[in-house]
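Biologist: I would like to learn how to read cores, domains and chain contacts in a model. Could you take me through them?
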Amino acid sequence: MKRHLLSIADLDRTDVEALLELADSFSEVTQRDIPKVPALRGKVVVSLFYEDSTRTRISFETAAKRLSTDVMNFSVGGASVSKGESLLDTVRTIEAMGIDAIVVRHQSAGAPHRIAQWVDASVINAGDGCHEHPTQGLLDVYTLRRYRGNDLSGLRVAIVGDIKYSRVARSDVLALGLLGADVRLVAPPTLLPESLEGWPVTTTTDLDAALDDVDVVMLLRIQRERQRDAVFPSLREYTSRYGLTVERAARLKPDVLVMHPGPMNRGIEIAAEVADSPASVITEQVSNGVAVRMAVLYHLLAGGVGTAGGDQR
Amino acid sequence: MNDIVIRGGRVVDVTGERTADVRIAGCEIVEVGPDLPVDGARELDAGGCVVAPGLVDIQVHLREPGREEAETIETGSRAAALGGFTAVQAMPNTVPPLDDAAVVRSVLDRARTALCGVVVAGCITKGRAGRELAPMGELYDVGVRVFTDDGDCVGDSRVMQRAFEYASALEGAVIAQHAEDPALVHGGHMHEGEWSSRLGIPGRPAEAESIVVARDLDLVRRTGCRYHVLHISTAGAVGLVRAAKAEGLAVTAEATPQHFTLTDAECASFDPVFKMNPPLRGTADVDAVRSGLVDGTIDAIASDHAPHAPETKEQPFEEAPPGMLGLETSLAVALTELVHPGVCSLTHALGALSWRPAAIARIDGHGGPVEAGARAHLCVIDPTCVWEVDPDRLASRSKNTPWTGRKLTGRVRHTMFDGEPVVVDGEAQR
Amino acid sequence: MSTEHAPHGAPEPTHAAASRGGRFVFRASVFDAEALRRAFTRIAHEIVERNHGAHDVVLVGLYTRGVEIARRIAAAVERVESVTVPVGALDVAFFRDDIGLRQVAPLGATDVPVDVTGRVVVLVDDVLFTGRTVRAALDALGELGRPAAVQLAVLVDRGHRELPIRADYVGKNLPTKVAEDVRVRLVETDDDTDGVEIWGPPAAGPADGPSVDGDQGS
């Protein structure tokens with residue numbers, strides 16, 4: 001298939017479904033007593049995280065280790081990323097050590113795309129600025145499939161919160177769109193993107209109206225710092241108008257699913273009781289993350305998912 | 001020294017078109033007419049070519065002093081000559097900035113040996129900080145006529161008002177604005193619109209340009225100062241300038257070739273070669289800039305040649321500095337995008353590239369009619385030559401051209417600067 | 001269809017040659033449906049005899065056809081011993097030694113419903129050829145637990161081993177040429193009557209016998 005996973009925008013429906021099917025196999029592996037296969041033995045995966053994110057980095061490293069790859073970790077705040085060295089020099093130095101894949105998280109949109117121009121290794125985008133977080137998008141739709149079956153067409157999904165600055169939202173919208181879901185975005189006007197031209201979504205600033213017949217509610221983390229940019233007046237107002245409070249949750253359909261990419265601001269975009277309720281699949285999202293990332297790594301480093309790869313005898 | 005005869009070409013200038021040869025002795029054109037005798041003169045072949053006044057680029061960043069790793073006066077002037085330019089106006093966002101007569105004099109001094117004429121624009125404010133006025137009178141005395149804080153916009157309306165008032169006392173002075181309201185574009189790296197939303201890159205809205213132009217025009221109306229809009233890029237601002245001209249205000253405007261050709265869709269590759277301020281915009285804005293050039297609302301084409309050392313552009317999009325090269329491709333893009341498809345005539349395009357910018361910046365001796373007695377600043381253009389842009393083969397010290405790999409139609413064959421053939425058969429002579 | 005991993009030094013796998021438009025010719029029938037049924041029954045008897053009953057036995061089929069064969073053998077054991085033998089399915093993709101040499105994708109979900117530790121696992125596959133699949137299966141099995149013993153049951157042993165692997169229960173020993181193709185069909189997996197046949201490249205010279213295009217289905 002492809003050499004890199006940079007954006008869901010580069011994938012079509014077949015690509016996404018193939019990766020999700022592969023994730024099923026790895027899900028089974030992760031549930032075993034010894035959740036490890038030798039499939040990528042000898043390969044080297046580097047995690048290069050310019051933005052602090054223990055949870056995503058650990059998820060990728062766990063996925064890599066379960067495939068028996070060797071993992072190196074270059075992270076800001078850790079030993080190795082020196083502030084003075086350019087990104088170009090950093091990745092070239094890393095590549096010179098002999099690596100097969102770089103998992104990159106960076107504060108600037110398009111950084112993984114630049115890196116892909118500079119190195120021969122496979123590049124996996126673990127989040128670039130406000131642009132995309134492809135593996136999060138994949139694990140979110142994977143989680144939905146585990147609950148709702150492989151056909152998500154027409155599934156009513158509301159994504160609520162800071163859409164404008166959210167790479168998770170962009171990846172989710174693309175992945176859900178490819179699988180035929182009916183996506184509605186809910187946010188105050190200052191947190192909706194300037195232009196929704198070409199987005200396969202409807203939008204509204206009225207959360208209560210959006211929740212009427214929804215099957216899935218995905219909450220996005222609100223960043224408190226945005227208050228200083230005059231984007232919303234206060235957390236209290238944000239919560240009262242856009243938070244999934246206990247009252248709002250009570251009006252949802254009984255089999256609704258509640259999701260959040262984490263980390264949560266309990267009590268703000270999501271009430272603590274709602275986060276812990278049976279409707280919440282937030283912890284499954286995390287465990288599915290490992291299986292999905294295993295699928296991505298396997299796909300890029302094992303020579304691709306083929307048709308009838310040929311039985312050995 | 002031998003005379004030079006440019007033979008076999010078609011002379012095109014502000015007075016019209018005619019088949020004619022041009023004879024040059026020393027720094028001067030001595031004769032223009034059909035089938036001139038050669039007798040002993042050096043002959044430059046202009047068969048199939050257009051012979052025009054040397055082009056004039058009034059927005060060029062020569063980076064000297066302070067950022068010589070990106071470009072120098074010498075390398076920039078070589079790029080200019082290869083692009084057919086015999087005069088350029090150097091922008092003052094150097095290090096230190098050109099807000100002081102001594103620094104200006106040193107730039108003009110270093111430019112004595114350049115391959116083209118160099119005039120200097122001075123700062124509006126000290127240090128380009130947007131607060132206190134730069135010594136415009138002193139700068140005027142060393143030849144500065146255009147004042148700009150280019151790179152930055154003067155955001156404070158009170159400072160802008162004072163600048164217009166002060167400059168209106170200097171005969172022929174022009175205040176030129178990089179129109180992007182600082183608060184609205186803060187943190188933005190590309191045009192705010194469909195593509196910035198899709199790519200998750202913070203945007204610079206079109207309103208940032210039109211708000212500043214509207215404000216400046218109100219101040220121009222009040223003070224009577226001459227005003228020039230740098231690198232105009234939005235339909236809104238073009239409309240404001242059109243109305244202001246109809247009203248009779250002393251307003252001029254320029255556009256870069258990229259702003260009438262490329263859109264923000266180019267940024268989808270995240271390649272910072274497509275990053276500049278003001279940013280590449282959407283189709284509607286590009287169309288408006290084109291229309292503005294054709295109907296004369298926009299007087300001049302200026303490249304905003306902005307070299308950046310290669311390693312600075314090998315960074316993530318949001319971290320790379322904004323700016324694109326332009327001197328060696330400006331003419332070719334204008335021919336390819338405007339003249340050959342019939343969007344405007346050759347004469348109109350040459351006017352935008354030569355005599356109109358010369359008039360705006362008050363650059364004497366350039367852009368004028370090709371006639372006996374004029375200084376010999378000329379460019380000989382082969383309008384049908386097809387060539388592909390290769391960043392490694394440009395004379396600029398930098399490589400950040402957005403036209404890499406494009407086939408352009410039209411190329412400079414010879415350039416005469418003050419009677420000296422600085423470019424012959426497409427090769428710089430020094 | 002059995003697709004073979006070609007032995008070292010041999011030409012490309014026959015399925016690849018076929019899918020390039022090579023035309024394979026029917027050569028011989030190895031089992032018809034009736035003969036297959038008898039073979040399953042015989043193997044079931046042998047398993048019971050060798051293990052002194054079926055109480056600690058688990059049959060684990062290797063995808064794709066090994067799974068169905070394991071079920072058939074389990075059914076035969078049940079008829080013989082009135083004991084229900086658990087049947088599992090094992091996918092060995094991630095343990096193969098040719099990942100990176102070719103595209104390797106899982107063929108099904110590994111699902112072994114009992115703990116294999118302490119039990120006798122009988123791996124079941126349709127064709128034993130180079131032995132590499134069984135080697136991968138042993139590694140995969142090792143991740144699920146520690147069997148008391150592992151035995152191997154195959155429908156056809158066609159020779160050309162590249163690893164020191166041998167089968168305990170064999171439907172038929174079948175010497176073959178490397179270029180030939182042993183094709184197994186089962187009602188459940190191939191939507192066709194049961195049968196095992198040998199197909200091979202056409203003989204040199206004018207075509208003899210019926211020639212069929214190389215599409216071997218899947």
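Modeller: Start with the largest nonpolar core. It has 156 residues, and A:I102, A:V160, A:V217, A:L297, C:L59 and C:I73 touch the most other members. A nonpolar core is a set of buried Ala, Val, Leu, Ile, Met, Phe, Trp, Tyr and Cys residues joined through C-beta atoms within 7 Å. Buried means 20 or more other C-beta atoms within 10 Å of a residue's own; exposed means 12 or fewer, partly exposed in between, with C-beta atoms placed from the backbone. In soluble globular proteins, nonpolar side chains tend to be buried together.

Biologist: Which helix gives the largest share of this core?

Modeller: Helix α11 (residues 282-301) of chain A, with 11 residues. Helices (H or I, at least four residues) and strands (E, at least two) are DSSP runs, numbered from the N terminus. The core also draws at least three residues from each of domain 1 (8-132 + 286-301) and domain 2 (134-282) of chain A. Domain bounds come from an automatic or database domain assignment. A second, separate core of 144 residues includes B:A79, B:V154, B:L408 and B:M416.

Biologist: What numbering and confidence rules apply here?

Modeller: Residues are numbered from 1 along each chain as its sequence is written, while chains are lettered from A and ligands numbered from 1 in the order in which they are written. This is a predicted model: local features need pLDDT of at least 70, side-chain atom pairs count only at pLDDT 80 or more, and totals for chains, interfaces and linings use all residues. pLDDT is the predictor's confidence in each residue, from 0 to 100. Chain A has a mean pLDDT of 91, with 94% of its residues at 70 or more. Over residues 304-311 of chain A, pLDDT stays under 50.

Biologist: How many residues of domain 1 of chain A are in contact with domain 2 of chain A?

Modeller: Contact means C-beta atoms, placed from the backbone, within 7 Å. Here 23 residues of domain 1 of chain A meet 19 residues of domain 2 of chain A. On the domain 1 side, α11(A) gives the largest share, 6 residues. That side has 11 nonpolar, 6 polar and 6 charged residues. Ala, Val, Leu, Ile, Met, Phe, Trp, Tyr, Cys and Pro count as nonpolar, Asp, Glu, Lys and Arg as charged, and the others, Gly among them, as polar.

Biologist: What does the contact take from chain A and from chain B?

Modeller: 21 residues from chain A and 18 residues from chain B. On the chain A side, α4(A) gives the most, 3 residues. The residues of that side divide into 7 nonpolar, 9 polar and 5 charged.

Note on methods:
Two residues are in contact if their C-beta atoms, placed from the backbone, lie within 7 Å.
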